[in-house]
Amino acid sequence: MKLLENLNEAQREAVEYNKTPHMIVAGAGSGKTRVLTYKIAYVLKEKMCEPENILALTFTNKAANEMKERIIELVGKKASKIWMGTFHSIFARILRAESEKLDYRPNFSIYDREDSISLVNNIITALNLNIDLSPSAIHHKISHFKNHMISVDEYIEHIAKTSLDRKIGEIYKEYEIRIKENNSMDFDDLLLKPIELFNKYPRVLQHYRGQFKYILVDEFQDTNHAQYELIQMLYNRLVKICVVGDDAQSIYGWRGADIGNMLNFEKDFPKTKIFRLEQNYRSTKTILKAADSLIKNNKDQIQKTLWTDNPDGDKISLMRCSDEKDEAFQIARRIKKEITSRKLKLSDVAILYRINAQSRALEEALRREKLPYKIIGGVEFYRRKEIKDIVGYLRVLANQDDEESLLRIMNFPQRGIGNTSITKMIEFARRLNLTLFQTMGRIFEVIEVKERIQKNVKGFKQFLDKYISLKDELSLSELTSAMVDELGILRMYKEENSAESMQRYANIQELLRSIQEFTENNKKATIDDYLAEVSLISGIDQFSESDAVIPLMTVHSAKGLEFPVVFLTGCEEDIFPLNPKFDEDARLEEERRLFYVALTRAKEKVIITYARSRYRFGEVAYQARSRFIEELDPETVDEVEGIGKGRSRRKRKSYYDEFYQEGFDEDYNQERRSLRVGSRVVHELFGQGKILAINGQGDMQKVSVDFEEHGTKHLLVKFANLRLI
């Protein structure tokens, strides 16, 4: 078949097999995504299944969207009917359709981690508990219980032993009550509630078993207990199932992923056939040999032998640095060398680290060297304060029971409704079994609240009622723009005129633009549709390889990506692996798998760096290099001298001091200093244009651009986000 011409023999066998349950063990860089894409296309081409009867579960929304686009290219638009997305997005869709059976309304809110922590904090205050753990730590425990399907009753009756445990149980119980009263679910609920639904309503389960005749699961090694149970519930002998994964890349045990799901698949699904994809198309022989020498130290794994027809390539460079500043400086200078010698784009070079805190020194060095960069998976756009504020308003318009969102916006912008008044309103609501929103409508009955503040609450309630009534009359874009304008948020940030406020101003403008784009692409979209989409967006979903920047990210965020050159930083004991005091082999094995993932992101070159000392926890700590470096085949590694290492120690110290202490613009715009009169640029809204003039300096620098379709525009460079072409 012509469709399968571009596949190797092992890939073709895996694509063509469609009988008993089967597992495709796909080594790093072996074309896993390609196989899954072509398998679905093959099933549709051969008419084995209708597109609406295929359930394809992926690890990220980005992967799902790219895969679906490719399948549409291969077999046509009918593929758009496939149920394809992450576990959370697919089962959120099912829950909205079946919500009333679980006493929810279809417009339930989805709480992210910050929303959940805020709820925990409010519960601790309401219960007047004295507890040594932070709200974040308590939420982490609650999420852990839910990930392992430990209910409130089970925890309180069988697990809680100490006084602290019992307090956590009290908070956990109240958390589950409150989140339900708020007509909301957290991320864990999106997996637990479908199990509850299917157990309570066998006919609903039968319906979805009939709906999904072919189940395909990507990144199967990273599924948790609840995800695995959902797959088992939907499967029966009439359903075909294919799972794809690599046990050597199982790196999410800390959030409940169970590598045992992959290791036990044969036992749980009788007559399973296993396919192995062992030809690597990504990396050089040297990188592959190094990665293999590392991962063979793990005991729990499915045996496979990766090989490649790619050239031997360079050895892995191992660079010792004096401290984190030296490390960052060496990396910045080495990036320039790699880009020049290999003729690479900025986005071809990735800097990976184990923990987010490592990025600070790296960012300083990159700014100092005028190398544009972007943090991937850092503070995500939709989790920035100003964005969550606007989205909070939309969530209340959609779901008036969402108390956390209502509390967020109650006094933003400031309208004189303080915490004391809000506490009195909540107490009134609890006494009369009302929601906070209903209490706002009866504010004059809350006699403890001063009359002036009662009037402010009444005015705010009237404002919300107005836009609730308008939400079905205006488009989402019109509604949001009108509401933001009436609130005066943009005006407030503009009048403040600080660097921070202007960044918030620009971010809200970007949000409004994205809502307009969403409305144009989804003509009949409602607030509920928009919120359902943005609540499930992750940082990695927003990564684009076309961005002219150096991507910086944790190794976890790099999963599924590839780059010609990879810098793997901070390879020291207590950082990578994160904690040398392992109480079980499984944790060390997961850290080793994470190191393996980092190595196998590279196509051509890996540079590993480590520091002899590093400033951590408020003091200088002397570091030992990572045990994982010692596990690499010595033939694949070459220890290299850093730039400037030939200088005397005193001269080198003086050079670094000058490098770091010389002032630089903290708000350095990554494109600003490379703009020139005559340069061709792209603006997200106005398209392509040519720079006619540049005036001013610093934050007030302006540029005049002649855009091909929009004529001449005068823009503040700091917020124009112009990209050179």
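Asp312 touches Thr284, Lys285 and Thr286, leaving aside residues up to four places away in sequence. In this predicted model, Asp312 sits in the loop that runs between helix 14 (285–295) and strand 9 (316–321). Asp312 and Thr33 are 279 residues apart in sequence, and their C-alpha atoms are 25 Å apart in space.

**Nonpolar cores**

- The largest nonpolar core comprises 55 residues.
- Those with the most contacts inside this core are Leu397, Leu406, Met410, Met440, Phe460, Leu464 and Tyr530.
- Met410 touches Arg415, Ile417, Ile422, Met425, Leu436, Met440 and Phe460, when residues up to four places away in sequence are not counted.
- Another core, of 43 residues, lies apart from the largest one; Leu57, Ile110, Met185 and Phe212 are among its members.

**Surface patch**

- A nonpolar patch on the surface is formed by Tyr615, Val620 and Tyr622, which together have about 410 Å² of accessible area.
- Tyr622 belongs to strand 16 (residues 619–622).
- Tyr622 has a relative accessible area of 72% and therefore counts as exposed, the cut-off being over 50%.

**Helix 4**

- Helix 4 spans residues 87–98, twelve residues in total.
- From its first C-alpha to its last, helix 4 reaches 16 Å, close to the 16 Å expected at 1.5 Å a residue.
- Helix 4 is mostly covered, with nine of its twelve residues buried.
- The buried residues of helix 4 are Phe87, Ser89, Ile90, Phe91, Ala92, Ile94, Leu95, Arg96 and Glu98.

**Backbone geometry**

- Most peptide bonds are trans, and most residues other than glycine have a negative phi.
- The peptide bond from Phe412 to Pro413 is cis, with omega near -10 degrees.
- Pro413 is located in the loop between helix 18 (403–409) and helix 19 (419–431).
- Phe576 and Pro577 are also joined by a cis peptide bond, where omega is about 15 degrees.
- Pro577 falls in the loop between strand 13 (563–568) and helix 27 (585–599).
- Glu219, although not a glycine, has a positive phi of about 50 degrees.
- The loop between strand 6 (214–217) and helix 11 (225–234) holds Glu219.
- Glu219 counts as buried because its relative accessibility is 9%, and the limit for buried is under 20%.
- Lys343 is not a glycine either, and has a positive phi of about 55 degrees.
- Lys343 is placed in the loop between helix 15 (324–342) and strand 10 (349–353).
- Lys343, at 73% relative accessibility, counts as exposed.

**Salt bridges**

- The count of salt bridges comes to 54.
- Glu174 and Arg178 form a salt bridge through their side chains, at 3.1 Å from N to O.
- Glu174 and Arg178 are separated by about one helical turn because they are four residues apart in helix 8 (residues 163–181).
- Arg178 counts as buried, with 5% relative accessibility.
- Lys289 and Glu635 form a salt bridge in which the closest N and O atoms are 3.0 Å apart.
- Lys289 lies in helix 14, whereas Glu635 lies in the loop between helix 28 (627–631) and strand 17 (637–640), so this pair ties together parts that are 346 residues apart in sequence.
- Lys289 is partly exposed at 39% relative accessibility, while Glu635 is exposed at 54%.
- The side chains of Lys466 and Glu486 meet in a salt bridge of 2.8 Å, N to O.
- This pair links distant parts of the chain, with Lys466 in helix 21 (residues 451–470) and Glu486 in helix 22 (residues 476–487), 20 residues apart.

Definitions and conventions. Residues are numbered from 1 along each chain as its sequence is written. This is a predicted model: local features need pLDDT of at least 70, side-chain atom pairs count only at pLDDT 80 or more; totals for chains, interfaces and linings use all residues. Side-chain values use heavy atoms; hydrogens and water are left out. A nonpolar core is a set of buried Ala, Val, Leu, Ile, Met, Phe, Trp, Tyr and Cys residues joined through side-chain atoms within 4.5 Å. Buried means under 20% relative accessible area, exposed over 50%, partly exposed in between (1.4 Å probe, protein chains only). Contact means heavy atoms within 4.5 Å. Patches are made of residues with over 30% relative accessible area and no salt bridge: like charges are joined within 9 Å, nonpolar side chains (Val, Leu, Ile, Met, Phe, Trp, Tyr) within 5 Å. Accessible areas come from the Shrake-Rupley method with a 1.4 Å probe; for residues, only the protein chains shown count as cover. A salt bridge is a side-chain nitrogen of Lys or Arg within 4 Å of a carboxyl oxygen of Asp or Glu. Helices (H or I, at least four residues) and strands (E, at least two) are DSSP runs, numbered from the N terminus. The expected span of a helix is 1.5 Å times one less than its number of residues.
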